[in-house]
Amino acid sequence: MGERDGVDTETGLGGADAQAEFKQMYAAAVEDGQTTVNVYTPLTATWPAVFEAFQERFPDIRVEPLQIVGAELDTKVSQEQASGQRIADAVITGDTGAVALAERDYFTEFRPFNTEELTGDPQFSLEEGTLTAVSASPRGLVYDTRQDPGVVPESWEDLLDPALKGKITMTDPATDGGGMQWADLVLNEDSLGKDYLEKLADQDVVIASNTAECHNAVVQGRAYVCLMGAMGNYQTLSGDGAPVEITYPVDGGNWATYWYAGVIDGAENADAAQLLTTWLNTPEANEIKAQAGHGPVTNAEDVELEFENPADVPQLPRPDLADVTNRQKSSQPIIAGIFG
């Protein structure tokens, strides 16, 4: 294995036993000629440092990430599985997309040795053992500090203030993605529910095509607050000097986007993909992911975060991972009816 500047290998990998396990996994992949791992993910733009750190630790294996999102990702993986011409070795995506692929048996069973507390928890795993939670991206309300409508959005109730009518933007809650994820959580939360979503829709919410557009509308002054604020995007914007701040509603619960890795069934570089998936939950990987605005989901005892860890913030109640897709399907027509 390689060395990383300023990082003790044993500590970074989670202890002496973990280091020995990683050494064996790495050797097996290299001996089989697996010098690359092809990853399909929407995180290519935000996780370059993560993939670079993996390559420093395991220098004979190169990560080849492909930036691909939503329906396009689903279609490409499906086509590769149907044809047998598999390019992807692993997929890292959000819960709904990951479960949809897992339900079609596109992933092989793999339970990393360092994620036992996750693989036995139905909130974070499937009974088949085909998905591994690798991060939690905190969500909040990103707002424009140049505007002063008379209210700082710090709670879900604040978004209903008449002063914010026409000044709120969010990704489409009636289609797959962050908007649907949030609206489904709210719809099934007793203290908020359908009544809250109807009141929010009456605020003349502006629908954005994606999360980036939601943030851009705030940066450009076309909206005051983006309901879909993602910590990674916020860190990038604020680091570039954008006039934005982020707040975390906790009344009724906050929310986060959980990301999952799956190793493709029949992947050419399966051993390398399993190595990457396992490494993503090491202490050293957690430190690097945190710099990209992603919170850890395990092995986080000594990780320093510049933001609230989703594990420490009250969350909107989530369904078990296996139920995510079906519940959102049942919620979708209700949500579409509310937001037109």
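Which residues are buried in helix α9 (residues 211-219)? The views below start there. This is a predicted model, where local features need pLDDT of at least 70, side-chain atom pairs count only at pLDDT 80 or more, and totals for chains, interfaces and linings use all residues. Residues are numbered from 1 along each chain as its sequence is written, and side-chain values use heavy atoms, with hydrogens and water left out.

**View A. The buried face of helix α9.** T211, C214, H215, A217 and V218 are the buried residues of α9. Buried means under 20% relative accessible area, exposed over 50%, and partly exposed in between (1.4 Å probe, protein chains only). Seen down the axis of α9, the buried residues fall within an arc of 155°, so they line one face of the helix. The arc is taken over the directions from the helix axis to the C-beta atoms. An α-helix has 3.6 residues a turn, so residues three or four places apart point the same way. Helices (H or I, at least four residues) and strands (E, at least two) are DSSP runs, numbered from the N terminus.

**View B. The surroundings and ends of α9.** The buried residues of α9 pack against strands β4 (132-144), β5 (168-171), β6 (206-208), β7 (225-230) and β8 (244-247), and against helix α10 (231-239). Contact here means heavy atoms within 4.5 Å. At the start of α9, a side-chain oxygen of N210 comes to within 3.2 Å of the backbone nitrogen of A212. Just after α9, G221 has a positive phi of about 80°.

**View C. The disulfide between C214 and C226.** The count comes to 1 disulfide, taken as a pair of cysteine sulfur atoms within 2.5 Å. C214 is joined to C226, with S to S at 2.2 Å. The link is right-handed, with 120° about the S-S bond. C214 lies in helix α9 and C226 in strand β7, so the pair ties together parts that are 12 residues apart in sequence. C214 is buried, at 0% relative accessibility. C226 is buried too, with a relative accessible area of 0%.

**View D. Strand β1 and its partners.** In β1 (residues 36-41), 5 of the 6 residues are buried, so the strand is largely enclosed by the rest of the structure. β1 pairs with β2 (residues 62-67) in the parallel sense, over 6 bridges. Two strands pair if DSSP finds at least two bridges between them. T36 stands opposite R62 in β2. β1 also runs parallel to β3 (residues 90-94), joined by 2 bridges. Here Y40 faces V91 in β3.

**View E. Q55 in helix α3.** Helix α3 (residues 48-57) forms a right-handed β-α-β unit with β1 and β2. Right-handed means that, with the strands pointing away from the viewer, the path from the first strand over the helix to the second runs clockwise. Q55 is found in α3. Q55 is buried, with a relative accessible area of 19%. The Q55 side chain reaches the backbone nitrogen of V63 at 2.7 Å. Leaving aside neighbours within four places in sequence, Q55 is in contact with I61, R62 and V63.

**View F. Helix α12 under cover.** In α12 (residues 283-291), the buried residues are E284, A285, N286, I288, K289 and A290. Their cover includes α1 (9-13), α3, β4, α10 and α11 (270-279). Just after α12, G293 takes a positive phi of about 85°.

How values were computed:
Polar contact = N/O pair within 3.5 Å; in protein donor to acceptor, adjacent residues only side chain to side chain.
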